Amino acid sequence: RFDEQLWDWTRVAIRWTCNALQTAEYEGIAPSGRRVSWPGISVMHWKDGQIIERWTSQDMAYVTEQLKA
């Protein structure tokens, strides 16, 4: 889900939330069928209609915490 987007002609920053269902092992944690969500942000630089650079940060430790709870 995109929570917020900031654009100019060559750059975009997107703050997002990802939602998932654990159906396979993750970081040694057996499949639990639990729903998890985590926030992230991506910053992309565009040129000639293509992404030429992308930076993403997301809190995967938060996912592990939710699965262990």
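**View 1. The buried residues of helix H1 pack against strand E3.** In this predicted model, the helix spans residues 60-68 and strand E3 spans residues 35-47. The residues of H1 that are buried are Val63, Thr64, Gln66 and Leu67. When the helix is viewed down its axis, these buried residues fall within an arc of 160°, and they therefore line one face of H1. Glu65 and Lys68, by contrast, are exposed and sit on the face of H1 that is turned away from its buried side.

**View 2. Nine residues make up the largest nonpolar core.** Its members are Val12, Ile14, Trp16, Ile29, Val36, Trp38, Met44, Val63 and Leu67. Strand E2, strand E3 and helix H1 each supply at least two residues of this core. Two of the core members, Val63 and Leu67, are also among the buried residues of H1.

**View 3. Thr17, placed in strand E2 (residues 11-21), makes a side-chain polar contact with Asp3.** The two side chains approach each other to 2.6 Å in this polar contact. Thr17 has a relative accessible area of 14%, and because the limit for a buried residue is under 20%, Thr17 counts as buried. Apart from neighbours within four places in sequence, the residues in contact with Thr17 are Arg1, Asp3, Ser37, Trp38 and Pro39. Of these, Pro39 stands 22 residues from Thr17 in sequence, while the C-alpha atoms of the pair are 4.4 Å apart in space. Trp38, another contact of Thr17, belongs to the largest nonpolar core.

**View 4. Gln22, in the loop between E2 and E3, directs its side chain to backbone oxygens of Ile29 and Ala30.** The side chain of Gln22 reaches the backbone oxygen of Ile29 at 3.1 Å, and a polar atom of that side chain lies 3.3 Å from the backbone oxygen of Ala30. Although Gln22 lies in a loop, this residue is buried, with a relative accessible area of 6%. When residues up to four places away in sequence are not counted, Gln22 touches Ile29, Ala30, Pro31, Ser32, Gly33, Arg34 and Leu67.

Technical notes:
Residues are numbered from 1 along each chain as its sequence is written. This is a predicted model: local features need pLDDT of at least 70, side-chain atom pairs count only at pLDDT 80 or more; totals for chains, interfaces and linings use all residues. Side-chain values use heavy atoms; hydrogens and water are left out. Helices (H or I, at least four residues) and strands (E, at least two) are DSSP runs, numbered from the N terminus. Buried means under 20% relative accessible area, exposed over 50%, partly exposed in between (1.4 Å probe, protein chains only). Contact means heavy atoms within 4.5 Å. A polar contact is a pair of N or O atoms within 3.5 Å; within protein, one must be able to donate a hydrogen and the other to accept it, and residues adjacent in sequence count only if both atoms are side-chain atoms. A nonpolar core is a set of buried Ala, Val, Leu, Ile, Met, Phe, Trp, Tyr and Cys residues joined through side-chain atoms within 4.5 Å. The arc is that of the directions from the helix axis to the C-beta atoms.
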